Amino acid sequence: MDGENHSVVSEFVFLGLTNSWEILLLLVFSSVLYMASMTSNILIVFFVTTDPHLHSPMYFLLASLSFIDLGACSVTSPKMVYDLFRKHKVISFGGCLTQIFFIHVIGGVEMVLLIAMAFDRYVAICKPLHYQTIMSPRMCIFFLAAARALGLSHSLFQLVFIVNLPFCGPNVLDSIYCDLPRLLRLACRDIYRLQFMVTVNSGFICVGSFFILVISYIFILFTVWKHSSAGSSKALTTLSAHITVVLLFFGPAMFVYTWPHPNSQMDKFLAIFDACLIPFLNPVIYTFRNKEMKAAMKRVCKQLVIYRKIS
């Protein structure tokens, strides 16, 4: 083929997680998680948008995270669930590149949003008198724009190298969706340097963001402990939810992109965890550990009941 990337491979075959009934059951379970993730994230965006009590920087960032999580579970999960009912699990070359592109865009956006949420909590706890001034609508829009810019630039950086790689066979991916480390191993040339660059790029952004967040939350927790007051319990509850989400998000990402294990079954389980479980856990953690969010849910539900009775 005399194409731009000189590939003779037009599609890739997924081996998936069909080697045993236990793994297949786990994949079926992921389809339920997909529906739950979509529903819970849509509800968070709806509640934050419709309830005036939640029109604050913290909930604006939370709704932005939920909106991105809608994309996170939609990039790979529908195809994954669809493949459950097919013997021949394939994806086109273009479809594979599209998955990789959106996975890295969404991953980059989520990292910046998590940093923005940590900054929001830092200002709220450490500089409460300046909160409204610092966390202005302009600052929130800046964080959102920065998140999208970083996600897009990071993903394009990865994609530039893949597009021109020659793929002449084999075309079997031992995965459930297209992920960069496994796709690179199918290229028909020495990709050691490229693999190193991709690992450094993804690993640096991932580990760097993680350490920024860890240091931020240590500093915030120290401030809460130092200025112990009646509001400390509420602050600690909010912080514990944020820290839990950070650990759940960065744990699998660092494992896959910083220490890749080519033949590890753990990669596949982490892929399901990353694609389905994390987008579901984010709203669950933030909702059930947040009194204001639960109160907003009750208010909106009451309004809907009243509206139904009137109509």
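I began with lysine 294, which is partly exposed at a relative accessible area of 34%. Partly exposed sits between buried, under 20%, and exposed, over 50% (1.4 Å probe, protein chains only). This is a predicted model, where local features need pLDDT of at least 70, side-chain atom pairs need 80 or more, and totals for chains, interfaces and linings use all residues. Residues are numbered from 1 along each chain as its sequence is written, and side-chain values use heavy atoms, without hydrogens and water.

I looked up where lysine 294 lies: in helix α10, residues 291-310. Helices are DSSP runs (H or I, at least four residues), numbered from the N terminus.

Next I checked its surroundings. Lys291, Lys294, Lys298 and Lys302 form a positive surface patch. Patch residues have over 30% relative accessible area and no salt bridge; like charges are joined within 9 Å, nonpolar side chains within 5 Å. A salt bridge puts a side-chain nitrogen of Lys or Arg within 4 Å of a carboxyl oxygen of Asp or Glu.

Then I turned to a nonpolar patch. Phe157, Phe196, Met197, Val200 and Phe204 make a surface of about 510 Å². Helix α7 (residues 192-226) gives the most to this patch, with four residues. I found phenylalanine 204 in helix α7; it counts as exposed at 64% relative accessibility.

Last, I looked at rings. The whole structure holds twelve aromatic pairs. Ring centres must lie within 6.5 Å to pair; planes under 30 degrees apart are stacked, over 60 edge-to-face, the rest tilted. Both phenylalanine 249 and phenylalanine 250 are buried.

Technical notes:
Areas by Shrake-Rupley, 256 points an atom, 1.4 Å probe, with all protein chains shown as cover. Lys, Arg positive; Asp, Glu negative; His and termini not counted. Charge placed at Lys NZ, Arg CZ, Asp CG, Glu CD. Helix = DSSP H or I, 4+ residues; strand = E, 2+ residues; numbered from the N terminus. Phe/Tyr/Trp six-rings, centres within 6.5 Å; stacked < 30°, edge-to-face > 60°.
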